[in-house]
Amino acid sequence: MQLPRGESDDEEDNEEDEVGQDGELEFSGFADEDDIDVQSEEEDADEFGGGIVPAGGDADSEEDKDDDEDPLGSSDDDEDDEDEDGEDDVSDQDDDVESASEADSDHETEVEKARKAAFFASEETANGKTSSSATKDAATAQDALSSFQSFSLSRPLLRGLAALSFSTPTPIQSRTIPIALAGKDIVAGAVTGSGKTAAFLIPILERLAHRPRGGSEAKTRVVVLTPTRELAVQCFNVGKALARYTDVRFCLCVGGLSSKSQEQELKTRPEIVIATPGRLIDHIRNSASFGIDDVEILVMDEADRMLEEGFAAELNEIIQATPKGRQTMLFSATMTDDVDELVRLSLRRPVRLFVDPKRSTATKLVQEFVRVRGATGGEAEGSSSAVSRRTEDEARPALLISLCLRTFRHQVIIFVRSKKLAHQLKILFGLVGLAAAELHGDLSQEQRLGSLQSFKEGKVDFLLATDLASRGLDIKGVQTVINYDMPAQLEVYIHRVGRTARAGKEGRAVTLVGEADRRLLKAVLKKSPASQVRHRLVPADIVGQVRDQLAELRSDVEAVLAEEKEEKALQLAERELKRGENLVEHRDEIMSRPKRTWFQTQQEKEEASRLSLRDYAPQRKDAQGKDRFAGLSRRKKRTKMAREEGAEDASAGRAMAAQIRAAKREEKPKELGVVERKKGKKEGKKGKKTKSSAQAAGGAKAGAVGGGAKKSGGAKKGKSAFSKDFGERGGGGGGGGKKGRK
Ligand SMILES: Nc1ncnc2c1ncn2[C@@H]1O[C@H](COP(=O)(O)OP(=O)(O)OP(=O)(O)O)[C@@H](O)[C@H]1O
């Protein structure tokens, strides 16, 4: 199969932007103002006749005009809910933008200032300064710290930093390190790739350098929580590298890796545990000698993602189980209302450190947008917007493959909306001769790490990933991020494109934009400097050729999928057989094992959220049947709902957690020594619970499988517009049924 690779190659593309055949514009390199002028003229007149994507120029006014003229703007189909969400986000962020001053990153409205003063500690006070001089001066002074030596860090840590070639602290590191060293609680935000991981690890390692040593002093003093296993592994690696000349020990606790060996490691009480919340809770409950009663520092990395992923209950349990006097640090490139709530509940007068909050993407990131054209042809059934979306989706594979064959050939991460789509595209890439790996939640942990490794090592040029990989992953040298489709939320977009242009490097994000994505596109443009935004046109004839050739490959893709299905069924049958044999052979031993308590299986979680939805719906109506939240803004509605739910759940949740912790303490073997009680801890509160009470608490869930493993792939379901993957479209062309996302 010979697919068009085009005359232009990467090098040419990257040399200059040029107007190619058919008015094609190749935007490459990191072009300057001249290019932008050419683009807007050309595109307004040509491919982007609808004026979706303003390049250069005044993005807002273009978009506003666009909105007025846009019939889709008032459509009220299924997607409205999500669009409204998007819009809500936009308006929230617009507010931020309007309230931010030009000069400083920390300027807020008077209301925000007052709220902050009541709740947050100021940076100067945290630094031990009593002066009321402006925060700005302090921030500037901190930013000016040009070396790690100025923080008076200990020698082994400085050597670790030097070994990583970290000579100058990044702005978020300059701001965070002194305050974290002072033991203050911190809420910190900075754009993707700005060095947040080291910003919390450096002060942690420095504080640990001064810990008491000796046999009985070996304690787990630090817990770092991350939303995904991959992020935990990455944080673990950075921590180990920074600590290589120190005596600090780390333990990685994530699902998918051997629980037994983690248990053994935890017994040695490593100073730092890096974990995903589910697996940490599994160990707290089931590893007899492990507890978090001695934790002095708790870090929640990518806190908003943890909440989105449904980890709120786990976080709450972990927070409750750590001593009140701990230092808590919360980091994320994007913040949400839920994070505010978490901060309120778990941090004490935290210092807010936000580096450049007006900016949502890295300084050297160029963002390109490619319009996806869908036909609204007469013969297709359904509403015109649904048809247009479907035909747009049919156009995407050819557009993507044209881009990858012709222009973006190396070190490209491609984000897609579903695991299934990632897999199908991977097969397709293979068939057209593009070396790709896939990364999503349907793979085993080993496969996931394997995919990452082969991408990092350059064995494959393309990584087809779901949003599992959109957060935090730090892969050196990623040149391009392609969004196969626009995600439903601005935050997700920001994290996705943040996989490139990291640590001050250049990078490019290319997003395929359909009609339904206009609102989010508008939000992105509002947050991006016009000079960094480009339109990209892919010649229609090239896309047409690729589309024809892909159509021929459809049956091959289906054949591969069918083969895989058979293979999977065989493996499953073999596994079942083996399990049965084992059960017969080792029955006595298996039956005598103590049952593990699981937090919640995925199934249980889904059931719980289904039930809560069912139970919740009638509560929205008051006695007169009117919506109690009518007239409230979305934000207020969310806050009010959360408060009401929280009040009900909190007492039941706390009681159960307390029971479990009490039983856990009881279970600890005496020879491990009595854990030193922190001041303020209530001894023997409500008497001691027996082991059986803990089992009763977790009993309903005992025996369930896979509770610690977190599936990922996007916290929220994709937009209804994209509810089917390309394999399911095209005149019912088969490819795995119709179990698309709802
Ligand atoms: N002081 C420094 N000097 C040079 N490079 C650094 C420094 N600090 C961090 N880096 C590098 O910057 C890159 C990004 O760091 P990190 O992954 O911590 O970013 P992040 O802000 O957590 O990003 P994200 O929001 O995407 O998780 C890493 O490759 C890291 O090695």
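Predicted model: local features only at pLDDT ≥ 70, side-chain atom pairs only at ≥ 80, totals over all residues.

Visitor: Good. So what share of the protein's residues is buried?

Guide: Of the 742 residues, 49% are buried. The protein exposes about 34,700 Å², and 50% of that comes from carbon and sulfur atoms. Those areas are Shrake-Rupley values with a 1.4 Å probe; for residues, only the protein chains shown count as cover.

Visitor: And how many helices and strands?

Guide: 26 helices and 16 strands. They are DSSP runs numbered from the N terminus: H or I with at least four residues for helices, E with at least two for strands.

Visitor: What about contacts that reach along the sequence?

Guide: Taking contacts between residues at least 6 apart in sequence, 76% join residues at least 24 apart. Contact here means heavy atoms within 4.5 Å.

Visitor: Let's do helix packing. At what angle do helix 9 and helix 10 cross?

Guide: Roughly 30°, and the axes of helix 9 (residues 171–181) and helix 10 (residues 196–209) come within 9 Å. That makes the two helices roughly parallel, since angles under 35 degrees count as roughly parallel, over 145 as roughly antiparallel, 65 to 115 as roughly perpendicular and the rest as oblique. Axes are lines fitted to C-alpha atoms, for helices over the stretch in contact, and angles run from 0 to 180 degrees between N-to-C directions.

Visitor: Who's touching whom there?

Guide: Helix 9 brings I172, Q173, T176, I177, A180 and L181, while helix 10 brings K196, A198, A199, I202, P203, E206 and R207. By class that is eight nonpolar, two polar and three charged residues. Nonpolar covers Ala, Val, Leu, Ile, Met, Phe, Trp, Tyr, Cys and Pro; charged covers Asp, Glu, Lys and Arg; the others, Gly among them, are polar.

Visitor: How many residues of helix 9 are buried?

Guide: Nine of its 11, so helix 9 is mostly covered. Among them are the charged R175 and the polar S174.

Visitor: Now helix 13 and helix 15: how do they pack?

Guide: Helix 13 (residues 277–286) and helix 15 (residues 312–321) have axes 9 Å apart at an angle of about 45°, and are therefore oblique to each other. P277, L280, I281 and R285 of helix 13 meet E314, L315, E317 and I318 of helix 15. That contact has five nonpolar, no polar and three charged residues.

Visitor: Switching topic: what is phi at E302 and at A503?

Guide: E302 has phi near 50°, and A503 also has phi near 50°. Most residues other than glycine have a negative phi. E302 sits in the loop between strand 7 (297–301) and helix 14 (303–308), A503 in the loop between helix 20 (490–497) and strand 15 (507–513).

Visitor: Buried or exposed?

Guide: E302 is buried at 5% relative accessible area, whereas A503 is exposed at 60%.

Definitions and conventions:
Residues numbered from 1 in each chain as written. Heavy atoms only, no water. Buried < 20%, exposed > 50% of the residue type's maximum accessible area, 1.4 Å probe, protein only.
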